[in-house]
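Please read it alongside the structure.

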Amino acid sequence: MSHAEPQSFISKYIFSFDHKVIGIQYMITAIVMALFGGGLALMIRTQLQHPEMGLFAPEAYLSYVTMHGTIMVFFVVSMAISGFGNFLIPLQIGARDMAYPFLNMLSYWTMVPACLIMIASFFVPGGAAAAGWTMYPPLSAVEQTVPGSGIGTTLWILGMALFIASFTMGGLNFLTTILNCRTKGLTMWRLPLATWGFLVATVLGLLAFPPLTSAAIMLLFDRHVDTSFFVTDMVINDQLLNLGDGTPLLFQHLFWFLGHPEVYVLVIPPLLMTMDIIPVFTRRPAFGYRQSIWALGVISFLSMIVWGHHMFVTGMNPYIGKYFSIATVIITAPFAVLGVNLLASLWRARLRPAVPMLFALAVISAVGFGGFGGLFLGTMVSDIYFHETYFVVGHFHLMIGTVTLLGIFAAWYFWFPKMFGKKMDENLGRWHFWLTALPMIAIFLLMHLQGMGGMVRRTFDPGTYEYNAGMNMALRFPITIMAYVLFIGQMIFFWNIVRSLKRGEPAGENPWDAATLEWITPSPAPHGNFGAALPVVSCGPYEYSVGEDGFGYLPQSGGGEVAVHSPASAEEREETGGTDSGETGA
Amino acid sequence: MFRYFLMLLLLTFAVACGGSDKPAPKTSGGDSAAVDEDDEDDTGISVRQTYSADKGTAGVKGTIKFEGKARRRPIDMGSEKYCENCYGEDGPPKSESVVVGENGELANVFVHITSGLKNWKFQKGTGEVHIDQIKCMYVPHVTGVQVGQTLKIANSDSVMHNIHASDKSGDDWFNQGQPNKGDVFTREVGGSDAGFYTMKCDVHGWMAAYICVVKNPFFAVSGTDGAFSLDKLPAGTYTVEAWHEKYGKKTQQVTVKDGETAEISFTFSK
Amino acid sequence: MEKRKPPRIIIALVAFFAIFTILSVIGFAVPWRSEVASEEGQGIDAVITYLLFATGALVIVGHAILIRFLLKGRDDQTTAYVRPPAKVEWMWGVIPVIVMMLLAEAGVLVVGSATWDKLYAETPTNPVVLEVVGKQFEWLIRYPGKDNTYGAYDFKWVNGADNPMGIDEDDDAAMDDIISRGTMYLPRGRTAQIRLRTHDVIHSFFVPDFRVKQDVIPGFPTEIRFTPTVNGVYELVCTELCGLGHYKMRGTVHVVDPEDYEAWLNKRPTFGGED
C-alpha cells in the first residue's frame, strides 16, 4: 500500500507508483486522445456538411466514424474517469495509496500501447477499422466487406484487448482499495458520493467486460483461424466464400451484454462526482444520500439484464423483446431518484457560482434533456422507428458525451488545485463553460430532431435520400457550426490549463472549504498524502450549514469541531452570499 | 529494476503483436527492368534472350465461336434512377456475360500464351490501361494488362460507384469508393499482381469487368466478331489459352515460324 | 429577510436553461415525422406522441424546479438551515419511482403492446407475399409469381448481372418469379409479408414513412409485415452499417391501387421469360 518516496525523474513522473501521478498521467493521455477523437468528429461533420466537395472516400469516412466512437468511449471518457478515480480514491478514503501500486502503474502503461495501436491502425493498408464502434460481424470479420476490416480491425481488437486488461487491473485496484483501505471511522455510509460512484462503476465494469473479451477473441479467431462463430457462407464479388455456419447475432448479444453496463460505467462516476461537488457550492448537505446509493445499486443491477434493447429489431423472439422493454424502462425510476436528489440538493442553497458549480448545474440539465430520450428507445415499439437513426446518436451523445464530459470538467476545475497547487482561471473557465455546455446540449438536441425525421446514422451522404431534404438536411448546418464552436471552447480550456500551471493563483489546502478528506492535505498533495498520521473520520462527507450562524461545516476528520467559514465582513456576506477568496457573484 | 524490465518486455510484446496475419494486399512489385515470363515448365538456368519487337515476326490469330443458344437478359437498373435515365427509349443494355454474334462469334474472350516463352526475357509493360465507368457499365468488359503498365479506372458517371476487385480465391485486390465524377483510381501493376480478377461495383450489382494481368505482351480480347490476333511473336511452339468468364478455359498448341501467322480457333459451349 | 438578486452568472444560466427548454418544446412539437403511411406505423406514432407528451412534461417540470431553486436560493440567509428529515428524503425517493414506473410502463404495456402484437403475433389475412434480399449495396425484390411458390435459390448461382438472387434456373417454380432491382410495388390496404434475407453482411429494412424496420441477418432469414394505407412512392433505406456503399443502399416502394399493382406485376418480365 505505501511505498518509498521516489527519487529519480523516471520513478517520479514516468514509471510512478503514486496514484496521484498515475491519475494525472491518465488524464493527460485522455486529453491527447480527445484531440484525436475530436478531430475525427470535425472531419465527420465536415463531410456531412459538404458531401458534394468530395473530401473523403466513403470507406475512409466509415473509419472516422468507427474510431471516433472507439476512441471517445474507451480512450477519452473511460480513461478520464480512471484518472479521477486513481487520483481521488485514496485521498477521499484517507489512504496513502492504492492497495496495489505496482499493478496500478502497470495498468497505465498497458493503456499507452493500446492508444498507440489504435492510432497506428489509421496508417496500415486498408485503414482503420470501419465497421462502426460496435464492430458487428460479418462486416468486421471479413476483409472483403469493407477495406477497414483488414489489418485495421486486427489492430483494433488488439488495442481493445490491452484496454480491457488495463481496465481490469485498474478496476481490481479501485475495488480492493475502497473496500479494504478506508481509514478509521470511514464507514461505507460516510463515503463521499464520488468514491461510491467509482466503486459501483468498477464492479459493473469488472462483471461486464468478460463477454466482450470473449467476443473479441472469437472475432479474432473467425478472422484468422477459420472458425465460424459469427460468419456464414457469403457471396462477395459473385464469388462464394465458404466461411461456415455461424451466428452474427451471438456477437451482438455478447457485445451489448458489456455495452449496456458500459454506458453506466461511463455515466455514474461523473454524475456522482457532480453530486459530490454540489454540496460544496450550495453549502448544504447532499439531499437523499442513502437514497442515491440505493438507486445506484438498483441501476447497476438492472443495467446488466436489459442489453436486448439494442437489438429489438434483430428478429429476436418478440416475447424476449417485450421483456427487455419492460425491464429497461424500469431503470428510469432509480434514475429519476438521482435526478430528484440532484434538484433537491439545490433547495435553499447558498449558491457559490464557481466554475465547477456551473458545470455541475449544466449536468443536471443535460441529464434531464438526455435521460428521457432513453424512454423512446427503451420502449420497444417506438424503438422500431428510432433504431439506428440520429435519435440514438443524439441520445447517447447527450448522456455519455455531454453528461460525462460536463461532469468531468466540473471535477477538473474542482480538483485541479489539489492536483497542481494552483487554481484554474475563473474567467477563462467561464468562457470554456459557455462554449462547451451550450454547444453540446444544442448539437445533440438537434440530432434528436433529425432522428424524429428518420435520418439514418453512419450515412456518408444523407442527401442520397429525398426524405432527408428539408429539415433533416437543414439541421446539419447549426450542428456543424456548434461543433466548431465546441472545438474552440476546448482550445480555451487547454490554454487555461497551460496558463494556470505556469502562473495560476496558488491554492491553499482547501480553496473551496470542502469537508471531505482530500482537502486536509497540502495542495498539491505530497507523497504519502496525509503526513505522519492518517486522518480519523467522525462524520459524513456533507455536513455543511452547521454552527450557530449556519455558516460552518464539519470537516470529516475534524473530530466534530465546526470549521467556521464566513467572509470577512457582513458587507461582503451581503454581496457575495457567503463566497470567499474575492470571487464576486457577478 | 526487475519491475522495469518486466514493463519493457510487456511494452515490446504489445507493440510487436500489432502485425497482421493476413497477407498484405498486393502492391506493385519488382524493381528490376526485366521480368521473367510465366512459363509453367521453366527449368531454370538458361540463357534467355531479351525480347524486342523486331525479333518477333510470327503471329497467331483466329476466331472464337460459341455453340448453342445464349440468352442475354436486359439489365434491370431499377435500383439507380441515374443509370436508368442514361438510357432512352431503347432501354438499358443487355447482360454482357455471354455476347454471341449472329454466326456464333463469341466476344470478350481473353486470349494469351501460357507456355513456350521460357527462352525470352520481357521488359516491363509501359503505358496506361484505361477502364471507364460510363452510363453505369464498365468499358471495356474484359481488359488485359501487362505487368509494369499503369491501370487507371475512372468514374465518368455522376453517381457513386465502387471498384471492388478480387481474385479467384476470393481475396481482395482492391476495394475503393469513387463517389464523384472524375475520380480516378491508379495502380501500377506489379509482378505479384499477375492473375485474373473479377471487378464489380457493389452498388450496381450488374456491373462486372474482368482484369487479366499477365507478364508478357502477347494477349488479346476477342471483339464482337470473335476475332483475336497475337502479333510480333518470336518463332516457337506455344500453348495458347482462351478464357471466358462463364465457360472457363480452353487451350491449344501451335507452332509458328518466323514470318508466319498461324490460324487457330476455339469453340465454347454450355 | 431581504430578497437578494442572484448573481448575473446564475441569471445567465437560468436563461440558458429556460430558453433551451422552450426551444425544445417548440422543436419537438414541430411535426418532423412524415405523414404516416401504414397501419402499424400509426401505432408506432401513437407511442411516440405519448412519450413526447410524458417526457416533455417531465422536462418542463424538472427545469422549472431547477430554475426556481437557482433563483430563490438566497432567501434564508440569516436563519439556520433545517435539514430535511430522513422521512422526507425517503418520500422523495419513492415518489419519483412511482411516477416513472407508471409513466414508463404505460408506454410499453398500455400504449405500445397492441402494436407489438400486430407486428409479430397476428397472422395477416390475404397478405402480399414477397421476398427481399439485401446485399452490398442493393435491394433485390422477388415476387413468387402466379404459382405462389418461390424458386429454389443457392448462393453458388449468384451472378450480379444475370442472376443476382442466385435462383435455380432449372426449377420450374422459378420460371414465373418476378425479380426487381430496387423497386417494389405494393397494393394499398393489403398486409405485405416480406421474407428478408442476405448473402453477405447485416442490413436493415426501413421505410421511414411506414415507421417499420427489421434487420436482415446472414444465416437467419427474418420477416417483416406492414399494411400500407396511403398511395405514394416511399424510400427504402438500409439501416445497418453494411460497408462503404451503405448510404447508397436505397430502394423505392410504390404503393398503388390493387388494380395498378396487378397491372405492374403482369407487365414485368419473369425469371424464365424470353427477352
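In this predicted model, helix 7 (residues 248–282) of chain A and helix 8 (residues 289–303) of chain A pack at an angle of about 165°, their axes lying 10 Å apart; axes are lines fitted to C-alpha atoms, for helices over the stretch in contact, and angles run from 0 to 180 degrees between N-to-C directions. Helix 7 of chain A and helix 8 of chain A are therefore roughly antiparallel to each other, a term for angles over 145 degrees. Their crossing is right-handed, that is, the near helix is turned clockwise from the far one by less than a right angle. The contact (C-beta atoms, placed from the backbone, within 7 Å) involves H260(A), P261(A), Y264(A), I268(A) and M275(A) of helix 7 of chain A, and S292(A), L296(A), I299(A), S300(A) and S303(A) of helix 8 of chain A. These residues divide into 6 nonpolar, 4 polar and no charged, where Ala, Val, Leu, Ile, Met, Phe, Trp, Tyr, Cys and Pro count as nonpolar, Asp, Glu, Lys and Arg as charged, and the others, Gly among them, as polar.

Chain A has 18 helices and 5 strands, which are DSSP runs (helices H or I, at least four residues; strands E, at least two) numbered from the N terminus. Of the 586 residues of chain A, 66% count as buried, meaning that 20 or more other C-beta atoms lie within 10 Å of a residue's own.

Chain A also meets chain C, in a contact that takes 90 residues from chain A and 87 residues from chain C. On the chain A side, the largest share, 8 residues, comes from helix 10 (residues 332–344) of chain A, and that side divides into 53 nonpolar, 25 polar and 12 charged residues.

Most residues other than glycine have a negative phi, and most peptide bonds are trans.

| Residue | Phi |
|---|---|
| D513(A) | about 55° |
| C136(B) | about 60° |

D513(A) lies in the loop between helix 17 (476–503) and strand 3 (544–546) of chain A, and with 23 C-beta neighbours inside 10 Å it counts as buried. C136(B) is buried as well, with 23 other C-beta atoms within 10 Å.

The peptide bond from V139(B) to P140(B) is cis, with omega near -5°, and the bond from Q136(C) to F137(C) is cis, with omega near -10°.

Residues are numbered from 1 along each chain as its sequence is written, while chains are lettered from A and ligands numbered from 1 in the order in which they are written. As this is a predicted model, local features need pLDDT of at least 70 and side-chain atom pairs count only at pLDDT 80 or more, whereas totals for chains, interfaces and linings use all residues.

Terms used. Contact = placed C-beta atoms within 7 Å. Buried ≥ 20, exposed ≤ 12 C-beta atoms within 10 Å, placed from the backbone. Parallel < 35°, antiparallel > 145°, perpendicular 65-115°, else oblique.
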